[in-house]
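Dear colleague,

Please find the structure below, followed by an account of what was found in it. I would be grateful if you could read the two side by side.

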Amino acid sequence: MNGTEYLTVTITPSNATNKNVTWKSSNTAVATVSEGGVVTGVSVGTATITVTTADGGKTASCTVTVNPIAVTGVSLNKASTSLVVGGTETLFAAITPYNATNQSVTWSSSSPTVATVSGGGVVTGIMTGTATITITTTDGGKTASCTVTVSSQTVSVTGISLNKTSARIIVGDAEDIKATITPSNATNQNVTWSSNNTAVATVSGGGRSYRNYGRNGDHNRFHC
């Protein structure tokens, strides 16, 4: 398809006075012919090319079969990629040759529970893991693949606050201080606690503060 071929005409007798001819295709959707006899394939199928002499209306014909351009290969723009759960990425395919007649392809995932792929090559991460996305040409069954690694979505901490900015406790007593992380769905919720003066008050890894000096019954106010 899209190829060309030149047909030559021989008029009898060779010394005929009027050698003018006209060309015609029985199906221009399949093949066209120029005034000089150049035949061009347009689409898959069969057409009859006929030449007719201006003198006497003599004719000759040639049956032209236009064959499809076969797919020889396919490739993807990436051999591997990474996504987070819920993330998407579009893979792009290139068929060889670029003008192959049948450009149809199908997409598949080796593990749809990890990553899915649409008919247009849009890959979506479903859960953590690895999946292989494969494209297959309808013509020839040529394939190309991309390995997709899906990881947990990371939500960064944007802030932290305490339920109190100051407290008053008795020596030896304790008080729980609660921390709130923003946003509430941050991936890493781990925190560390510290006191700027452990001789006055200590704090546990869970946010419990202890009063360390003074007489029993004394109160001391400290900042959290």
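What does the accessible surface of the protein chain come to, and what percentage of it belongs to carbon and sulfur atoms? The accessible surface comes to about 13500 Å², and 49% of that belongs to carbon and sulfur atoms. Please note that this is a predicted model.

Overall form. The protein chain has 22 strands and zero helices. Its radius of gyration is 40 Å, whereas the globule rule gives 17 Å for 224 residues, so the chain is more spread out than a compact globule. Along the principal axes, the C-alpha trace spans about 135 × 30 × 20 Å. Of the 224 residues, 28% are buried. Among the contacts with a separation of 6 or more, 53% are accounted for by residues 24 or more positions apart.

Lys-78, with a relative accessible area of 32%, is partly exposed.

The other salt bridge is formed by Glu-175 and Lys-164, whose closest N and O atoms are 2.0 Å apart. Here too the pair links distant parts of the chain, 11 residues apart, with Glu-175 in strand β18 (residues 174-176) and Lys-164 in the loop between β16 and β17 (166-170). Glu-175 counts as buried at 15% relative accessibility, while Lys-164 is partly exposed with a relative accessible area of 32%.

Ile-160. This residue lies in strand β16 (residues 159-162). Is Ile-160 buried or exposed? Its relative accessible area is 55%, and because the cut-off for exposed is over 50%, Ile-160 is exposed. Leaving aside neighbours within four places in sequence, Ile-160 is in contact with Ala-179, Thr-180, Ile-181 and Val-191. Ile-160 and Val-191 are 31 residues apart in sequence, and their C-alpha atoms are 9.5 Å apart in space.

With kind regards

Terms used: Residues numbered from 1 in each chain as written. Predicted model: local features only at pLDDT ≥ 70, side-chain atom pairs only at ≥ 80, totals over all residues. Heavy atoms only, no water. Helix = DSSP H or I, 4+ residues; strand = E, 2+ residues; numbered from the N terminus. Buried < 20%, exposed > 50% of the residue type's maximum accessible area, 1.4 Å probe, protein only. Contact = heavy atoms within 4.5 Å. Salt bridge = Lys/Arg side-chain N within 4 Å of Asp/Glu carboxyl O. Rg over C-alpha atoms; globule rule 2.2 N^0.38 Å. Areas by Shrake-Rupley, 256 points an atom, 1.4 Å probe, with all protein chains shown as cover.
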